[in-house]
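Open the model in a viewer and keep the sequence panel beside it. The stops below are given in the order in which to select them.

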Amino acid sequence: MSHTSPPTPPTTNPQLAASWSDWIGDHTTTMIGIPLRIALIVVILLVVRVVAKRAITRVVQRVLEPSAGETDRSRPRRPTRGAAVLHRDRSRARQRREQRARTIGSVLSSAVTIVLFMVGVAMVLDQVGIALAPLLASAGVVGLAIGFGAQSLVADYLSGLLIMVEDQYGVGDSVDLGEAVGEVEHVGLRLTHVRDLNGGLWHIRNGEILRVRNDSQEWARAVLDVAVPHDANLDTVYRVLEDTGRALREEPDFADVLLEDPAVWGVQSLDADGVLVRLAVKTVPLQQWGVTRELRRRVKDALDKAGVETPFPRRAVWVRADVPEGESGALTR
C-alpha cells in the first residue's frame, strides 16, 4: 500500500517581489511624473499661442477698421500719410490697408508659433534628460551655414517687413525705385510689384531697394514753367498767372484738389530765347500732373488774351551789297 503526498503550493520568491516593488517605486516618477510635466508644458504653450493669436487678430481688426476720414459722410480736410488712394478710390485704400495688416499679422503669428515651438522642444528634451548644449551647438553651426547661403533671402524678408511696418509705400502709390518708376500693385515680404507707364510689370526684391521716392504721401506740388519773350512785361505776366491760378482753385472740380492758392515764384532762368517764370501750387497726392496740364492750358489761353506772345528762336540776317554775282551774300546768326 503506497501513500501519495499532497501537492505542495508554489513557493514565492521574496527577493523577486521586493525587487519589483523597489523598481516600481523607483520609476514611478519616470513613468508618471515626466509625462505629466510634458503634457503640462504642451498645454501651457498651446494656451499661450491661442492668447497671442487672439491679441494679434485684435490688432489686425483695429487696423482694418475704416477711419473717420473714409466714411461717406465726412471727408478729410488734409491728406494724411499714405493717403494717395484715399483721394482716388476707397476700395484701393482698403485693399492696401488689408494687405498690410494681414501680412504683418501673419508674420507675427508665424513668429510666435516658431518661438513657442522651439521653447517647447527645449523644455521637453530637458525633461527627458537629453543634454541641450550639444544640440544647440550643432543647431548654431547649421544656422550659420544656412545664414551665409540665404543671406540675400533674409535681407529681402527683413526689408519687406520694415517697408510694411514703416508704411514707406503701399498698393496704389506712385513711386520711384530707381529704374522702376510707376504704380505699386503688390507689396510682399520678398518682392514688390511696380507697373510702369508703358504697362510693364517690374518685380523688385525688397533687399535691393536702397531708396524710394513716394509721390503719394501727405501732399504734392504742381510746378509749371512758363516761357515769355524778353520784351514781355513781367508784371503783366505775374498778374495773369496769379489770376489764372486763383480761378482754377475757385472751381468746384478743383476746390478739394488744390490745397492752397497758386503762387508765382518769379523768374526761374534767363534763356537765349526768352524768360522762364515759375508757377507752383500744393495739391493732394497723385493729382499734381493733372493740375499741371490744366494750368498749362489755361495759362496759354490767358497769355494769348493778354497779348503775351510765345517766345521762339530768332535769326538775324545781314545782306552784303558788294558781293560778286553768283555768290551768296547773306550772313545769318
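**Stop one: the charged residues of a helix**

Select D301, which is partly exposed, with 36% relative accessible area. This is a predicted model, so each stop describes computed coordinates. Salt bridges with shared partners link D301 and R297 with E251, E294 and R298 in one network.

Are R298 and E294 buried or exposed? Both are buried.

Select residues 220-228, which are strand β6, then 275-283 for β8 and 263-270 for β7. Together they make an open sheet of three strands in the order β6-β8-β7, with antiparallel pairing. β6 and β7 are the edge strands, each pairing on one side only. Ignoring direction, neighbouring strands here are turned by 25 degrees against each other on average.

How many bridges join β6 and β8? There are nine, in the antiparallel sense. To find one of these contacts, pick V228 and look across to its bridge partner in β8, V275. Now show helix α7, residues 288-305, again: this helix packs on the sheet and touches β6 and β8. The direction of α7 makes about 25 degrees with that of β6.

**Stop three: another salt bridge**

The structure holds 13 salt bridges. One to select next is between the side chains of R213 and D215, at 3.3 Å from N to O.

**Stop four: a nonpolar patch**

Finally, select I114, F117, M118 and V121 and show the surface. These residues make a nonpolar surface patch of about 410 Å². M118 belongs to helix α2, which covers residues 90-128. Why does M118 count as exposed? Its relative accessible area is 53%, and exposed means over 50%.

Methods:
Residues are numbered from 1 along each chain as its sequence is written. This is a predicted model: local features need pLDDT of at least 70, side-chain atom pairs count only at pLDDT 80 or more; totals for chains, interfaces and linings use all residues. Side-chain values use heavy atoms; hydrogens and water are left out. Patches are made of residues with over 30% relative accessible area and no salt bridge: like charges are joined within 9 Å, nonpolar side chains (Val, Leu, Ile, Met, Phe, Trp, Tyr) within 5 Å. Accessible areas come from the Shrake-Rupley method with a 1.4 Å probe; for residues, only the protein chains shown count as cover. A salt bridge is a side-chain nitrogen of Lys or Arg within 4 Å of a carboxyl oxygen of Asp or Glu. Helices (H or I, at least four residues) and strands (E, at least two) are DSSP runs, numbered from the N terminus. Buried means under 20% relative accessible area, exposed over 50%, partly exposed in between (1.4 Å probe, protein chains only). Two strands pair if DSSP finds at least two bridges between them. Axes are lines fitted to C-alpha atoms, for helices over the stretch in contact, and angles run from 0 to 180 degrees between N-to-C directions. Contact means heavy atoms within 4.5 Å.
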